[in-house]
Amino acid sequence: MDTDEKGLRARLVAAGVDLVLREGQSAVSLREIARRAGVSHGAPRRYFPTHVDLLSAIAREGFADLTARIEETMRDVDPDPRTRLTALARTYLDFAAAHRGMFELMFRHDLLDSGRLRLRETSLPLFAVLADLVAQARRPTDAPAAVLAGALWANLHGIAQLWAWGSLPLATGATDDDALLRAALEAHLGPAPA
């Protein structure tokens with residue numbers, strides 16, 4: 001792919017990212033991306049033969065953004081594994097709240113072809129960071145670190161979704177999700193050391 005083609009592909013993906021962030025993944029179409037990128041409606045098909053290819057490319061950008069945020073958080077936080085887990089979880093929940101459409105798209109593997117565009121190369125390392133921190137912070141009698149990390153991730157993802165939908169604030173009366181975050185960590189790792 002020459003420089004002009006890479007530039008056009010990047011413009012198409014950027015238009016898709018903007019559309020997902022503003023209107024959610026259901027608004028994404030090849031025709032709308034072409035319109036926003038200022039190209040003919042057939043141009044995106046050259047780079048994204050299917051809708052799945054386009055959505056996957058957009059999701060990859062979301063994973064890159066979340067990865068950068070988590071890496072920045074990890075650079076700036078105390079080395080204690082529990083503290084790092086709390087910071088990672090906070091970054092995850094904040095990303096979900098600030099980038100609703102992208103967050104929902106990124107984890108819709110039923111909509112994405114995670115193998116073709118190397119999505120796994122961007123998503124699985126994030127889980128590995130979580131699993132490594134869980135391995136360092138877990139009690140010796142706990143389930144394997146990957147299982148605990150999966151359960152914690154599912155819990156955090158549920159908090160993000162149910163908070164966005166208004167279900168958790170309604171049910172708990174909470175005005176922010178901090179208590180839920182702490183409760184999730186304690187449920188999976190035990191109480192924080194005194």
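The following paragraphs go through the predicted model from the whole chain down to single residues. Local features need pLDDT of at least 70, side-chain atom pairs count only at pLDDT 80 or more, and totals for chains, interfaces and linings use all residues. Residues are numbered from 1 along each chain as its sequence is written, and side-chain values use heavy atoms, with hydrogens and water left out.

The protein has 10 helices and 0 strands, where helices (H or I, at least four residues) and strands (E, at least two) are DSSP runs numbered from the N terminus. The C-alpha atoms fill a box of roughly 60 × 35 × 30 Å along the principal axes. Of the 194 residues, 43% are buried (under 20% relative accessible area with a 1.4 Å probe, protein chains only; exposed is over 50%, partly exposed in between). Of the contacts (heavy atoms within 4.5 Å) with a separation of 6 or more, 63% are between residues 24 or more positions apart.

Residues 6–66 carry the UniProt annotation "domain: HTH tetR-type", from an unreviewed entry; such annotations may be inferred rather than shown by experiment, feature names are shortened, and positions are given in the numbering used here. This stretch is 77% helix and 0% strand, with its end C-alpha atoms 23 Å apart. Glu32 sits in helix α2 (residues 30–37). Glu32 counts as buried because its relative accessibility is 19%. Its side chain makes a polar contact with the side chain of Arg36 at 2.7 Å. A polar contact is a pair of N or O atoms within 3.5 Å; within protein, one must be able to donate a hydrogen and the other to accept it, and residues adjacent in sequence count only if both atoms are side-chain atoms. Beyond neighbours within four places in sequence, Glu32 is in contact with Leu19 and Ala27.

Arg82 is buried, because its relative accessible area is 12%. The side chain of Arg82 reaches the backbone oxygen of Gly190 at 2.8 Å. Leaving out residues up to four places away in sequence, Arg82 touches Ala137, Leu185, Glu186, Leu189, Gly190, Pro191 and Ala192. By contrast, the C-alpha atoms of Arg82 and Asp110, 28 residues apart along the chain, are separated by 32 Å.

Helix α5 also meets helix α8: residues Leu85, Ala89, Tyr92, Leu93 and Ala96 of α5 are in contact with Leu152, Trp153, Leu156, His157, Ile159 and Ala160 of α8.
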